[in-house]
Amino acid sequence: MTERNVLGGELEPCSTDPLTGFFRDGCCNTGPEDLGSHTICAVATSEFLAHQRSIGNDLSTPMPQYGFPGLRPGDRWCVTAMNWARAYNDGVAAPVVLASTNEAVLKIVPLDALRKLAVDVPDDPGSLEA
């Protein structure tokens with residue numbers, strides 16, 4: 001069964017370079033074994049990475065033993081819902097790719113919060129014009 005995104009569509013890939021996802025499949029898929037709910041496809045910023053390091057979640061330092069390259073600003077990564085929410089509450093949340101963010105996150109983070117930081121480009125960019 002295909003997992004859904006927060007917009008109700010099919011969950012789109014988040015990143016294959018670096019390869020992300022709890023299951024390292026490039027998507028923010030989740031399941032019972034994903035206790036951290038790695039469901040938000042975030043675009044790393046220097047402020048977000050610094051915040052994560054300050055709360056004990058170092059996403060910048062490579063850890064080859066876990067197949068983790070370390071993130072740089074601009075990288076997309078499936079982050080945990082609770083850590084993203086903490087960054088959001090602290091005013092430094094990373095932008096979000098809604099089409100690649102798993103609907104399971106809605107049990108933890110409201111869609112309105114995600115939409116405020118959405119970086120998705122609509123199929124019709126003309127809809128962005130005033």
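**A tour of the cysteines**

A search of the whole structure turns up two disulfides. Keep in mind that this is a predicted model. A disulfide is a covalent bond between the sulfur atoms of two cysteines.

**Stop 1: Cys14 and Cys41**

Select Cys14 and Cys41. A disulfide joins them, with an S to S distance of 2.1 Å. Cys14 sits in the segment before strand S1 (38-43), and Cys41 is in strand S1, so the bond ties together parts that are 27 residues apart in sequence. Now look along the S-S bond of Cys14 and Cys41. The torsion is about 85 degrees, so this disulfide is right-handed. Are Cys14 and Cys41 buried or exposed? Both Cys14 and Cys41 are buried.

**Stop 2: Cys28 and Cys78**

Next, select Cys28 and Cys78. Here too a disulfide joins the pair, with S to S at 2.1 Å. Cys28 belongs to the segment before S1, while Cys78 is in strand S2 (residues 76-80), so this link ties together parts that are 50 residues apart in sequence. Check the torsion about the S-S bond of Cys28 and Cys78: about -95 degrees, so the disulfide is left-handed. Cys28 counts as buried because its relative accessibility is 0%. Cys78, at 2%, counts as buried as well.

**Stop 3: Cys27**

Move to Cys27. Which cysteine sulfur is closest to the sulfur of Cys27? It is the one in Cys78, 7.3 Å away and too far for a bond. The cut-off for a disulfide is within 2.5 Å. Cys27 is buried, with a relative accessible area of 13%.

**Last view: the pattern**

Counting bonded cysteines along the chain, the pattern is 1-3, 2-4.

Methods:
Residues numbered from 1 in each chain as written. Predicted model: local features only at pLDDT ≥ 70, side-chain atom pairs only at ≥ 80, totals over all residues. Heavy atoms only, no water. Helix = DSSP H or I, 4+ residues; strand = E, 2+ residues; numbered from the N terminus. Buried < 20%, exposed > 50% of the residue type's maximum accessible area, 1.4 Å probe, protein only.
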